[in-house]
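Let's take a walk through a protein together, from its helices to its aromatic rings. Please look over the sequence and the model before reading on.

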Amino acid sequence: MNHYRLVSLLICLSASVFLYLWICTNGELSNFGLNGFTETLGIGITVLLIDHILKKREEQRTLPQRIAAHEDVRILMARFLSFWHSTYLISVPEDEPTSANNLLSNSYIEKICSLLDMDSEPNVTPRRTWWDWLPQQFSEFKNNAEKILERHNTILDPDAYGLVHKFATSGLGLEIISGIRHSDRQ
C-alpha cells in the first residue's frame, strides 16, 4: 500500500471515530467528537492537498532530467540494435529479422556467431578485424550503460534503471566472443 493511501486511510478512520463520538454520544464527549472530526478533516485536506501539490511540483521540476535520462537510454538501445542489425546483415545470408526481439533472440545471435568471419574487416575507420572491433563495441556499450546508471541514478524510474543495469552487467559481449571462438574451432 503506498504512502498516499495509508495516510488517507488513517485520516478517514480517525474522522469516522470522531464522527461516531459526535453523533452517538452526549455532553463533553460529543463536543470532543465534533472538535476531533473538524480538526481531522482540516488536517486531512491540508496534508493530502499539500502532498499532492508537492508531488506535482517535483514532477515538473524533474521533467527535464527524466526526459534526458530516457533519451540517453533510447540512444544506447538504438545504437546497440543498429550495431546488431548491421552485423547480422553482414554475416547472415538470410532475410533480415522482422523485429528487435527476433534480432536479439538466441537463434539469431547464434547465426551471427557461427557465420561472422572474425578475420574480415568491418566497415569502420581505422581498419581492424572483427576480433578487435567486437570487444571494443561491447566495452563501449557497457561504459555508456554505466554512465547512464551513474548520471541518472536518482531520476531514472526503477524499471528502466534495472534494465540498464542488467544490460551493463550481462557480460553478453564476452559470451558472444567466446561462442564465436568455439564456433570457429569447430
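**A walk along the helices**

F138 is buried, with a relative accessible area of 10%; buried means under 20% relative accessible area, exposed over 50% and partly exposed in between, using a 1.4 Å probe and protein chains only. Before going further, note that this is a predicted model, in which local features need pLDDT of at least 70 and side-chain atom pairs count only at pLDDT 80 or more, while totals for chains, interfaces and linings use all residues. Residues are numbered from 1 along each chain as its sequence is written, and side-chain values use heavy atoms, with hydrogens and water left out.

Who is the partner of F138? F83 and F138 form an edge-to-face aromatic pair, at 6.1 Å centre to centre and with 80 degrees between the planes. For such pairs, the rings of Phe, Tyr and Trp (its six-membered ring) must have centres within 6.5 Å; planes under 30 degrees apart count as stacked, over 60 as edge-to-face and the rest as tilted. A pair of aromatic rings is described by the distance of the centres and the angle of the planes. F83 lies in helix 2 and F138 in helix 5 (residues 130-151), so their pair ties together parts that are 55 residues apart in sequence. Helices here are DSSP runs of H or I with at least four residues, numbered from the N terminus. F83 counts as buried too, at 8% relative accessibility. Ring pairs also link F80, F83, W84, F138, F141 and F167 into a cluster.

Now step back to the two helices that carry this pair. Two packed helices are described by the angle between their axes and the distance between the axes. The axes of helix 2 and helix 5 come within 10 Å and cross at roughly 165 degrees; axes are lines fitted to C-alpha atoms, for helices over the stretch in contact, and angles run from 0 to 180 degrees between N-to-C directions. That makes helix 2 roughly antiparallel to helix 5, given that angles under 35 degrees count as roughly parallel, over 145 as roughly antiparallel, 65 to 115 as roughly perpendicular and the rest as oblique. The crossing of these two helices is left-handed, meaning that the near helix is turned anticlockwise from the far one by less than a right angle (clockwise would be right-handed). Among the residues that meet here are V73, L76, F80 and F83 in helix 2, and W133, L134, F138 and F141 in helix 5; contact means heavy atoms within 4.5 Å.

Helix 5 also holds D132, which is partly exposed, with a relative accessible area of 48%. Another residue of helix 5 is E146, partly exposed at a relative accessible area of 30%. From E146 to A15, 131 residues apart along the chain, the C-alpha separation is 49 Å.

What does helix 2 do with helix 1? Helix 1 and helix 2 pack at an angle of about 165 degrees, with their axes 7 Å apart. That makes helix 1 roughly antiparallel to helix 2, and helix 1 passes helix 2 in a left-handed crossing. The structure holds 10 aromatic pairs, and one of them joins F18 and F32 edge-to-face, 5.6 Å centre to centre with 75 degrees between the planes. F18 lies in helix 1 (residues 3-24) and F32 in helix 2 (residues 28-91), so this pair ties together parts that are 14 residues apart in sequence. F32 is partly exposed, with a relative accessible area of 49%.

How does helix 4 meet helix 2? The axes of helix 2 and helix 4 (residues 106-115) come within 9 Å and cross at roughly 55 degrees. The two are therefore oblique to each other, and their crossing is left-handed. Finally, in the loop between helix 4 and helix 5 you will find P126, joined to T125 by a cis peptide bond with omega about -5 degrees.
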